[in-house]
Amino acid sequence: MNRVSSVVKMHSRDKWSWFIVPWLVMLSSFVINFIISYFVDEPLITGGLSSIFIYMFVAGIITLAQTFPFALGMSVSRTDYFLGTSSMVLLTSAGSSLLLLLIGLTEGWTNDWGSGLVFFQLPYLSEGPLVNQFTVYLIIFLFMHYSGILIGVVHKRTGKNGMFLISGILLAAFTLLGFLADYLNWYPAIFDWIVKQSAMDYALWMLPFIVIFAAASYLLLRRATI
Amino acid sequence: MGKIVELNRLTKSYGAVKAVDNVSFSIDENKIYGLLGRNGAGKTTIMHMITAQLFATGGELKVFGDTPYENNRVLNQICFIKESQKYPDVYRIIDVLNTSASFFPNWDHEYALSLAGDFRLPLKRRMKKLSRGMLSSVGIIIGLASRAPLTIFDEPYLGLDAVARSLFYDRLIEDYSQHPRTVILSTHLIDEVSSILEHVLIIDSGTLLIDEEAEALRGRAFTLAGPKASVESFTAGKEVIHREPFGSFVTATVMGNWNAAERKQAEALGLELAPVSLQQLVIYLTNGKAQRKAVEV
């Protein structure tokens, strides 16, 4: 039997973590906002949609700790584990993106749920053709997921102390970079660039990071032990 | 018979500490091995290396003729059940069994379910909520039902009661005779498994002490029982590893491969001869110096 698909099957047995919880979290935010929107006269634009993306980041961190030692114990190779997990991430991300798109369209058809609640079709984020919207969702999902997975793998390899050390180094590096940008007067140019980008542009910028994070996760996982 | 596992001067060191030091042995097809030794002797480390869950720092390791690392052909044929095996928190027992079914090519699901019944496991209960003994039972079921050509049990029955343990031994022997495979059993309960083991490997402080057929090993020592004077005259000049007085009688365990004449002599002196227990032998061999001194004084 193909072991990669076995890993996908293993993940899919945990329907709560992969499907139910993220949607439950976001939909509960939606319901609350929906109720509020009835009491507010102006249209209500919320950021509740972000909860599902943040959840995917957390799920990425948790997945590895939960299933990697189990899978390795069941004689699964590290490569198969990574490929299987990646397939699962891709499948759920694509599925969730499609659902978000459909619900977003429903939001349009129902005239913002009849109560003036803008939850799924956010200005700026949901602009452009449908393919673009779908791609933006998908890329953000993947980016969040692989960021989480990378953190999970780094923790697996280096433990608590390694995490402290790496976070410290990153914090110091970004602080230095911030000062440097101020000192060299880069900020005007940076802000200029930032405002010009569309959501799709940002999504495309995430792509190389997804590739780097995934490759780094894989290489670190290759030498991970129980 | 084919060699399934071959270790050649395998070493695993953590800094200056050598957890496994130059260990070489090989494991034949379709036999039951006992990997014995004290806590921290390096047994689990060796098993982790055989299953590619840890990396050796030196030496050579071949499993089914190849390196096991990231090798599906090899890993496919291995099932390693360890006491410290982690399971995803949200899985129920049935989820673990279903997942195992897709990971092990020889998995017999009906057999797994019938074993779950034997061990009285609640299939719908979450792994997180299981007692230590139940967790061990789940591991044992995976180990047996996977029918992997190389099945390794590392301390498989932590927290299991005597009934469940004997159930494990019975099922293991039963299934082993119907579906022969190589089994490596690592345990502290040596007396309980000694009748099952065909070959014994004893590890101490990371080195291999004994690599011998269980029968031959048992023949390396005998227990004598009889009146104190007779026992003492007979054991004079011999290596006594254990002595237990009982009124005017003494029971002594003596090392050595005895010939027929010696046996006759012992019987003539009215001494009772009995084979030594494997456990006593292991205790002596892995703690030998201290014990020997005590006896010599």
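Entry 1, conventions. I worked with a predicted model, in which local features need pLDDT of at least 70 and side-chain atom pairs count only at pLDDT 80 or more, while totals for chains, interfaces and linings use all residues. Residues are numbered from 1 along each chain as its sequence is written, chains are lettered from A and ligands numbered from 1 in the order in which they are written, and side-chain values use heavy atoms, with hydrogens and water left out.

Entry 2, chain A. I found seven helices and two strands in chain A, taking helices (H or I, at least four residues) and strands (E, at least two) as DSSP runs numbered from the N terminus. Read from the N terminus, the order of the elements is α-α-β-α-α-β-α-α-α. The C-alpha atoms of chain A fill a box of roughly 60 × 55 × 30 Å along the principal axes. Of its 226 residues, 42% are buried, where buried means under 20% relative accessible area with a 1.4 Å probe, protein chains only.

I used the grid description of a pocket (1 Å grid over the protein atoms alone, an open set of points where a 1.4 Å probe fits, with protein on both sides within 12 Å along at least five of seven lines; lining residues have an atom within 4 Å of a point). The largest pocket holds about 250 Å³ of space, and helix 5 (residues 130-183) of chain A gives the most to its lining, with nine residues. Among the lining residues I noted Ser147(A), Leu150(A), Phe174(A) and Phe213(A). By class, the lining has eight nonpolar, two polar and no charged residues.

Where does Thr51(B) sit in chain B? I placed Thr51(B) in the loop between helix 1 (43-50) and strand 4 (58-63) of chain B, and Thr51(B) is buried, with a relative accessible area of 6%. Its side chain reaches the backbone oxygen of Met47(B) at 2.9 Å, and a polar atom of that side chain lies 3.2 Å from the backbone oxygen of His48(B). Leaving aside neighbours within four places in sequence, Thr51(B) is in contact (heavy atoms within 4.5 Å) with Leu75(B), Ile78(B), Phe80(B) and Ile152(B).

Met47(B) and His48(B) are among the buried residues. I also noted that Ala52(B), which follows helix 1 of chain B, has a positive phi, near 60°.

Notes
Buried < 20%, exposed > 50% of the residue type's maximum accessible area, 1.4 Å probe, protein only. Polar contact = N/O pair within 3.5 Å; in protein donor to acceptor, adjacent residues only side chain to side chain. Points joined across faces, edges and corners; volume = space filled by probe spheres on them. Nonpolar A, V, L, I, M, F, W, Y, C, P; charged D, E, K, R; others polar.
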